[in-house]
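Dear colleague,

Please find the structure below for your records. My notes on it follow.

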There are 2 protein chains.
Amino acid sequence: MKKSLVKELEKRLGKSSVLIDEGDRALFSYDAAYGEKVLPDIVVFPENKDDLQFVINLMSENEIPIITRGAGTNLSGGTVPVSGGCVLVTTKMNRILEINEKDLYAVVEAGVVTKQLADKVEEYGLFYPPDPGSMNISTIGGNVAENAGGLRGLKYGVTKDYVMGVKLFDMAGNEVIGGGKTVKLVTGFNIPGLMISSEGMLGIMYEVILKLVPKPATSKSMLVEYSSVIDACNTVSEIIASKILPSTLELMDNFTINAVEESEKIGLPVKADALLLIEVDGHPAVVEDEFIMVKKICEKNKGNVKVADNNEERDKLWTARRKALSCLARLKPTLILEDATVPRSKIPDMMKAIKEIASKYNITIGTFGHAGDGNLHPTILTDKRDEDEFRRVEKAIDEIFEKALLFGGTLSGEHGVGLLKAKYMEMEVGKGTLNFMKNLKMGVDSKNLLNPHKMGL
Amino acid sequence: MKKSLVKELEKRLGKSSVLIDEGDRALFSYDAAYGEKVLPDIVVFPENKDDLQFVINLMSENEIPIITRGAGTNLSGGTVPVSGGCVLVTTKMNRILEINEKDLYAVVEAGVVTKQLADKVEEYGLFYPPDPGSMNISTIGGNVAENAGGLRGLKYGVTKDYVMGVKLFDMAGNEVIGGGKTVKLVTGFNIPGLMISSEGMLGIMYEVILKLVPKPATSKSMLVEYSSVIDACNTVSEIIASKILPSTLELMDNFTINAVEESEKIGLPVKADALLLIEVDGHPAVVEDEFIMVKKICEKNKGNVKVADNNEERDKLWTARRKALSCLARLKPTLILEDATVPRSKIPDMMKAIKEIASKYNITIGTFGHAGDGNLHPTILTDKRDEDEFRRVEKAIDEIFEKALLFGGTLSGEHGVGLLKAKYMEMEVGKGTLNFMKNLKMGVDSKNLLNPHKMGL
C-alpha cells in the first residue's frame with residue numbers, strides 16, 4: 001500500500017482506526033472458516049457515513065479491492081482477502097439510531113451487534129427474532145450480507161424477513177437508499193432484497209431498518225430423548241406436517257451430546273442417540289394446545305419428553321445447544337461445519353445419508369442443528385495435516401452436497417458461499433445463473449473491487 | 001414488425017397465440033392506470049418455458065423491446081408499451097405444478113391467477129395470504145413483479161414475504177434459477193428478492209415457488225362506524241401501538257361508503273363519516289382476546305362496533321370493501337387511485353392532509369384503503385378533458401406525495417412506479433439510487449430491451 005494513501009487514511013480516520021502492522025493485519029486474514037490465509041494490505045475502521053464514503057472513494061480511485069467485515073464470524077470465508085486489498089471493518093459504526101414502538105421498526109448502523117439490538121428492543125416489549133449462533137458478537141450488517149439464520153427460522157423466518165430498508169454506497173460512490181419505514185413500499189427495485197446474501201459484493205451498507213414484532217406472551221421449552229436419531233427426525237417431519245410451527249426445533253446427535261456434556265457438565269443424557277430441543281411460544285392458550293400436540297407426536301415416535309420447569313432450566317437447555325459448535329471444536333484441530341439444507345420432510349432421509357457417508361469414508365461427523373427448518377449442521381472433525389483423511393473428508397463433503405440437492409435442498413442454508421462453497425455453485429444454480437450474477441455485479445462494480453473472487457464470480 | 005418475424009412466431013406458437021391486428025393490439029395498449037396509449041407491434045402468448053425462451057431470443061436478436069404482462073391490472077402503467085415492441089402475455093403459462101403439504105410450499109407457473117392458487121391451497125388446509133384487490137384476475141408473476149400488497153399486509157405481509165424461489169430468462173438468454181424449496185437458502189445473490197418489484201425490467205419469470213402457511217383456525221370480523229374519520233384513524237394507530245396485529249384493518253370514508261352503497265345496496269351506514277372493517281384471526285382464544293381489546297379501543301375513540309354474526313354477513317362486509325374501487329370508478333370519467341403510504345402511526349396526520357388538499361384544490365377525493373399498514377388509497381375522481389380541473393388534480397397529487405415523504409412514508413405502497421410515478425422517483429430515493437438501479441439494469445439488459453422507459457430509468 002502506497003505510503004501517501006496510508007497517510008491520507010490516518011489523517012482522516014485517526015491512527016487508531018488504520019492498521020498497517022503485519023501482526024495486526026494478520027488478525028483480519030481469517031474468519032470462522034478454515035482455509036489458506038492471505039493478509040490484507042490495510043485494515044480500516046470508519047466511524048461514520050462520511051468517513052466510509054471517503055474510504056470507498058479513495059480505494060475506488062486507486063483500484064484497491066475492499067473486503068467489508070463485521071465481527072468476522074463468517075463460516076464460508078466470505079470476509080477474508082484473496083488478493084490483498086483493504087479490509088473495511090464496520091464495528092465502529094455501532095449506534096442504534098431509533099427504536100420505534102408505534103410503528104414497530106428499528107434503525108441501526110451496520111456495525112451494531114445482533115444481541116445488543118435484541119436485548120434493547122426487549123426493553124420495549126418488542127422482539128427481533130433472527131438469532132444466528134454467533135449473535136453475541138455478529139453484526140447486523142454481516143447478518144444482512146449473509147442472510148443469517150438461526151434457531152428461530154422455522155416460525156419466525158431469517159434476517160431477510162426483517163430487513164425493511166438499507167442505506168449503502170456502491171463502488172462508483174453513489175449513495176443508495178432502498179426501502180424505508182413502511183410495511184408496504186414498492187418504489188423502484190427491491191434494493192434491501194438485493195443486499196440480502198450479497199456477501200459484500202454489491203455495495204457497502206451503513207444503515208439498516210429492521211422490522212420488529214410484538215414479544216410473544218409466553219413460551220414452553222422441552223427436551224426430548226430418543227434411543228434412535230431417526231425416530232427424532234421422524235418426529236420433526238411429523239410436527240411440521242401437522243401444521244404446528246414451534247419457535248425452535250433443534251436436534252443434537254449422540255456425538256454432539258457427549259461433546260457438550262463433557263465440556264459443560266449440565267446433566268445431558270449421554271446415552272441418548274439423539275435429543276430434540278423444542279420450544280413453542282405465543283398466546284398462553286396456543287402454547288398449551290401446541291405443547292400437548294407436540295408431546296403426543298414425540299411420544300408416538302418413542303421420545304421421552306421432559307419440560308423445563310423454570311427459566312433457569314430453560315436457559316440451561318438453550319445454552320447447551322448454543323455451545324454445541326464450540327464444544328465440538330475442542331475435540332480436533334480442524335472443524336468443518338456444513339449447512340446443506342433440505343425441505344423439512346426430507347430430514348430423516350438426510351440424516352440417514354449423513355450417517356452412511358460418515359461410515360463410508362471412515363470419518364467423524366457430529367450432527368446438530370435446526371432440524372425444524374431442514375437446516376442440519378453435519379460437523380466434520382478432522383486434522384488438515386492428515387492428508388489422507390482430509391481427502392476422504394473432501395469426498396464426504398461433495399457427497400453431502402449431492403444428497404442435499406437430490407432431496408430438493410441447497411448447498412447452504414445460512415452460512416453463505418464465500419470461498420468454501422464457490423466451486424459447488426454451478427452444481428446448484430447452473431451456468432446461466434452464474435452469468436446473470438456476474439453481469440449484475442459488473443453492472444454496479446465494473447472494476448470488480450468489492451470482495452472479489454467470492455461465490456465463483 | 002417484419003413479416004418474416006411474425007411468420008416465425010406464428011409457426012412456433014400457433015396463430016391463436018400471436019396477435020397482429022390493430023384492434024387486438026389496442027387491447028394491450030392500456031392497463032388499469034390512466035395515460036396515453038401506444039400500441040404494441042405484436043402480442044404473443046407463449047404456453048411454456050421453451051416457447052418463452054424462443055420469443056425472448058428472437059426479440060433479443062432483433063432488438064425489439066419486450067413488455068411482460070399478466071392480467072394487466074397494473075395501476076401505474078407498468079405493463080403498457082411506450083415505444084411499441086412486443087407485449088408478452090403470461091396467462092397461458094397457468095399451471096399449478098405442485099402443492100406440498102409437508103413442506104408448505106407451492107410451485108406455480110407465472111400466469112397462474114392469484115385467486116385460483118388461494119382457493120386451491122385452502123383445499124389442503126393451507127393459506128396463501130397475499131390478497132391484492134385484483135386477485136380474482138391478477139397473476140402470480142405480476143404479483144411478484146409488482147410486489148402486490150392487499151388487505152392482509154398488516155399481519156401477513158405482502159407478496160415478497162412469500163416468494164421462496166423463481167425461475168426466469170434474462171435478455172441475454174441465460175436461464176436463471178434463484179432460491180428454492182427450503183426455508184433457509186443463501187446460495188448466491190438473492191434473485192427472488194431482486195425480482196420483487198422489478199416491474200418486468202430485469203428478467204421474465206416463468207415459475208415461482210411460494211411459501212404457504214397453516215390456515216388460521218378461526219376469525220372474527222367487525223364493522224365500526226365513526227362520526228369523524230379522524231377518530232377512525234386514531235383508532236387504527238392505537239390498535240397497532242397496543243401490539244395487536246389484526247389480519248385486516250380497512251378504512252372507508254363517507255364518500256366511499258356512499259359510492260359503494262349506491263351501487264351495491266347492502267345497508268352500509270351512509271351517514272357515517274368513516275367505517276373501519278376489522279378482522280382478527282388465529283387460535284380461538286387469541287381471536288377472543290384480541291376482539292375484546294380491539295372493541296375497547298374502538299369504543300374509546302367513539303366507534304360503534306357491530307360484529308358479523310355469520311359467514312354471510314362477513315362476506316358481505318369484505319365484498320363491500322373490495323368493490324370500493326369499481327364503485328368509485330362509476331362516478332366520473334377519470335379515476336386516479338393513489339397509494340402513497342406512511343408509517344402506521346402517521347395515518348391520522350395523512351388523513352388530515354388529504355382532506356386539506358382536496359379542499360385547497362377544490363377536487364373530489366374519496367379515501368379508502370389499508371389503514372392498518374399505513375397504505376391509504378386517496379382516489380381522485382375527475383375528467384381528464386377538463387383541463388383546468390386536471391391541472392389542479394396534478395398539483396394535489398404532487399402535494400399528497402410531498403406529505404407522505406414528510407411523514408417518513410413512500411410514493412407507492414403497492415401499485416409500483418411504472419410510468420405514472422417515474423417523475424417522482426428522485427424525490428424519494430435520490431439521484432445515487434437511480435444511478436445504481438440504472439447500472440443494475442444495464443448489467444443484465446445492456447440494450448435496455450426489457451420494459452424500457454419505466455421507473456424513470
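How many residues does the contact take from chain B and from chain A? The contact (heavy atoms within 4.5 Å) takes 79 residues from chain B and 79 residues from chain A.

This is a predicted model, in which local features need pLDDT of at least 70 and side-chain atom pairs count only at pLDDT 80 or more, while totals for chains, interfaces and linings use all residues. Residues are numbered from 1 along each chain as its sequence is written, chains are lettered from A and ligands numbered from 1 in the order in which they are written, and side-chain values use heavy atoms, with hydrogens and water left out.

The area buried between chain B and chain A (accessible area, 1.4 Å probe, lost on putting the two together, summed over both) is about 6,800 Å², and carbon and sulfur atoms give 65% of it. Four salt bridges (a side-chain nitrogen of Lys or Arg within 4 Å of a carboxyl oxygen of Asp or Glu) are counted between chain B and chain A. One of them joins the side chains of K184(B) and E414(A), at 3.0 Å from N to O.

Two residues of chain A also deserve mention. E199(A) has a positive phi of about 50° and is buried at 4% relative accessibility.

Yours sincerely

Note on methods:
Buried < 20%, exposed > 50% of the residue type's maximum accessible area, 1.4 Å probe, protein only.
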